[in-house]
Amino acid sequence: MELGQMQGRLAEYTRSLYMEGILDAQFLQLQQLQDESNPDFVVEVVSLFFEDSEKLLNDIARALDQQSVDFKRVDAHVHQLKGSSASVGAQRVKDACVAFRNCCEEQNVEGCLRCLQQVKQEHYLVKNKLETLFRLEQQIVAAGGSVPMAEMTF
Amino acid sequence: MAARAQFHVLAVDDSLIDRKLIERLLKTSSYQVTAVDSGSKALEFLGIHEDEENNEASIPSVSPNDDDDDDHQDVDISLIITDYCMPEMTGYDLLRKIKESKSLKDIPVVIMSSDNIPSRINRCLEEGAEEFFLKPVQVSDVNKLKSHLLKGKAKESQPNINKRNIMEELFSPDRTITNYGGLEKV
């Protein structure tokens, strides 16, 4: 595939992520903060996010598995996850966290387990999508091209 | 012109991701940044020991290049931006300690939070926070810091100045809430 085609494919893919609500404007902000002096900024922040969120999801699962569930603790973890997903632009993960916090408030274990499933699903989805995005970017760079500056054209 | 070195901002946030973000945002605006992960680390950095806040004599000496006559900090911090929700010491607690400190009370403080809770916001503004930013913090938010940094600078040479620039703050976008010193924002 030639460079122009790859760049076109990347643009289209990125656009679809925004259209599907998987990413929001915050991700665009991250891309705009990246420059020659910080060329890996987005990948770094996103990697931190996935490291952090995987740990949080495990902590949440463990907390929900207790005989007597500490909902305040679960809520604290979800709050953290909500914050970090908002910071990287992972909109659907963030929204799933908002719903989760409501379940925590109701102190309903079954509800919380369902919410956890939903968050995990969205998390898995955005992880895969971003891995694909970064791979497309790498292919372009490897072919000697540059990744076009992000812009909101939709 | 004897130009002051670039403004040095102290960022406080327990989230690594948010620290990285705020650091990048601030550096993009050419600020020097120090980021710490807790209120107690912030106070330590500022040269304050929690049990000796108001004791000026215990605060280490002024830096040789410091031409200000009121600072007794270890480092010359122009602004403090802190997260609200932090374990052990919240951003509000930190704000209070700073305002209670003779040497630090004139440093502008900005609070960040992912939760939009009016009572929380008001509490912070009443305690003396310059602004309250909703997270995730944007470039446009950081652009608003300049005026606070410059005001802080002006205050050093003019005691008792009313630092509320009403006209300037009337044009803030909705996402940030600025302290009008008791006046209602219409």
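Start by selecting His79(A): the UniProt annotation "modified residue: Phosphohistidine", from an unreviewed entry, covers this residue. Keep in mind that you are looking at a predicted model. Colour helix H4 of chain A, residues 71-88, and you will find His79(A) in that helix.

Is His79(A) buried or exposed? It counts as buried, because its relative accessibility is 16%, under the 20% cut-off. Now show what surrounds the histidine. Beyond its neighbours within four places in sequence, His79(A) is in contact with Arg101(A) from its own chain and with Cys85(B), Ser114(B) and Asp115(B) from chain B.

Next, zoom out to the interface of the two chains. Select the residues in contact: 14 in chain B and 20 in chain A. Together the chains bury about 1,500 Å², and carbon and sulfur atoms give 62% of that area. Which residues of chain B lose the most area to chain A? Pick Ile17(B), Lys20(B) and Arg24(B), which together account for 45% of what the chain B side buries.

Stay on Lys20(B) and bring up Glu44(A): their side chains meet in a salt bridge, 3.0 Å from N to O. The count between the two chains is four salt bridges. If you switch to polar contacts, look for eight residue pairs across the interface, with both partners at pLDDT 80 or more.

Last stop: select helix H1 of chain B, residues 16-28. With eight residues, helix H1 gives the most to the side of chain B that touches chain A. Colour that side by class and you get seven nonpolar, three polar and four charged residues.

Methods:
Residues are numbered from 1 along each chain as its sequence is written. Chains are lettered from A and ligands numbered from 1 in the order in which they are written. This is a predicted model: local features need pLDDT of at least 70, side-chain atom pairs count only at pLDDT 80 or more; totals for chains, interfaces and linings use all residues. Side-chain values use heavy atoms; hydrogens and water are left out. Contact means heavy atoms within 4.5 Å. Buried area is the accessible area (1.4 Å probe) that two parts lose on being put together, summed over both. A polar contact is a pair of N or O atoms within 3.5 Å; within protein, one must be able to donate a hydrogen and the other to accept it, and residues adjacent in sequence count only if both atoms are side-chain atoms. Helices (H or I, at least four residues) and strands (E, at least two) are DSSP runs, numbered from the N terminus. Ala, Val, Leu, Ile, Met, Phe, Trp, Tyr, Cys and Pro count as nonpolar, Asp, Glu, Lys and Arg as charged, and the others, Gly among them, as polar. UniProt positions are given in the numbering used here, feature names are shortened, and annotations may be inferred rather than shown by experiment. Buried means under 20% relative accessible area, exposed over 50%, partly exposed in between (1.4 Å probe, protein chains only).
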